[in-house]
Amino acid sequence: MKITEQIKLPIATEMELFEEKFRDSMSSKVALLNRITHYIVNRKGKQMRPMFVFLTAKMISGGVVNERTYRGASVIELIHTATLVHDDVVDDSNKRRGFFSLNALWKNKIAVLVGDYLLSKGLLLSIDNNDFDLLKIISVAVREMSEGELLQIEKARRLDITEDVYYEIIRQKTATLIAACCSLGACSVAPDDVALVEKMRKFGELIGMAFQIKDDLFDYTEDAIGKPTGIDIKEQKMTLPLIYALNNCSAKEKSWVINSVKNHNKDKKRVKEVIQFVKDKNGLTYAEEKMIQFQQEALHLIEDFPSSPYKASLTLMVNYVIERKK
């Protein structure tokens, strides 16, 4: 059995029902929109985010979920899908998970409008049901994701990212959404336990940090993960392995690397040399250590919960995040 299926086992019923509710939450009177959302639903990814919502809720409540949990999972998936659609437009990307992206099939204008539509559907799902506590969690996540992306763009121009700034970027860009999933799950079943909701938010944030570092490490491996080696370097993204290498080399080496990333990022041979340089300076080893540190901190936060299939699946999920091959 695939590890993702194993993780899903204790929430299989919920995930099936969720898919129906998620499909309904997208419906519109506009035929074009329905065609596009049908295309989106049929090309879904691993659905890690809703899984985090359900597993967190069930671990906390001892196996019970409610309508708010389903709405929380639907909202997060609507918002996540909206950001992916907009990302593909921003990155001028023609593929998403091996399929054509919306902008490739329906052009940028339609893709942006569909992203806006999904965003508004997500917000209205909370408002219509008076889930203002859930809405606040979502809205903070959307704000932080936008800030994180813009911070990254601002810093990429000057290539002056410190390790602390890098953590801030990935916390906002990636970790904040997984943090929202876990706090939504907690808030849906224990709305009055502020400390518990915050604890699960932190849990999700730490997993998100580990998840992004793992993604950054893929840039230096030859594995077929659907993203070519060295793409972050080509896009002038400063990731942890590179930041560490730059902080631990001579001034001459540093100026060569920065010049390579800035002015020769399309030169395959030069990109390969930069990758080798990062490896030689133990950039990958350092990033892996940091990733494991975040993972261990996350696991530590759920130690006190009683043993259950949901806790076991969450633990499996945390380990999967750093052991996955793509």
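Modeller: A residue is called buried when its relative accessible area is under 20%, exposed when it is over 50%, and partly exposed in between (1.4 Å probe, protein chains only). By this rule, buried residues account for 52% of the 326 residues in the chain. The model is predicted, so local features require pLDDT of at least 70 and side-chain atom pairs pLDDT 80 or more, while totals for chains, interfaces and linings use all residues. Residues are numbered from 1 along each chain as its sequence is written, and side-chain values rest on heavy atoms, with hydrogens and water left out.

The chain has 15 helices and two strands, taken as DSSP runs numbered from the N terminus (helices H or I, at least four residues; strands E, at least two). Of the contacts (heavy atoms within 4.5 Å) between residues at least 6 apart in sequence, 73% join residues at least 24 apart.

The aromatic pairs number seven; the rings of Phe, Tyr and Trp (its six-membered ring) pair if their centres lie within 6.5 Å, and planes under 30 degrees apart count as stacked, over 60 as edge-to-face and the rest as tilted. In the pair formed by Phe-18 and Phe-22, the ring centres are 5.5 Å apart and the planes meet at 15°, so this pair is stacked. Both residues belong to helix H2 (residues 12–25), where they are four residues apart, about one turn of the helix. Phe-18 counts as buried because its relative accessibility is 0%, and Phe-22 counts as buried because its relative accessibility is 6%. A second pair, Tyr-167 with Phe-294, has ring centres 5.7 Å apart and planes at 75°, and is therefore edge-to-face. This pair links distant parts of the chain, since Tyr-167 lies in helix H8 and Phe-294 in helix H14 (residues 283–301), 127 residues apart. Tyr-167 and Phe-294 are both buried. Returning to Phe-18 and Phe-22, ring pairs join these two residues with Phe-54 and Tyr-70 in a cluster.

Leu-217 is placed in helix H9 and is buried because its relative accessible area is 7%. Leaving aside residues up to four places away in sequence, Leu-217 touches Pro-241, Leu-284, Ala-287, Glu-288 and Met-291. The C-alpha atom of Leu-217 is 9.4 Å from that of Gly-283, although the two residues are 66 apart along the chain.

The loop between helix H13 (268–280) and H14 contains Asn-282. Phi of Asn-282 is positive, near 65°, in a residue other than glycine. Asn-282 is partly exposed because its relative accessible area is 43%. A positive phi of about 55° also occurs at Asn-130, likewise not a glycine. Asn-130 sits in the loop between helix H6 (102–128) and H7, and at 54% relative accessibility Asn-130 counts as exposed.
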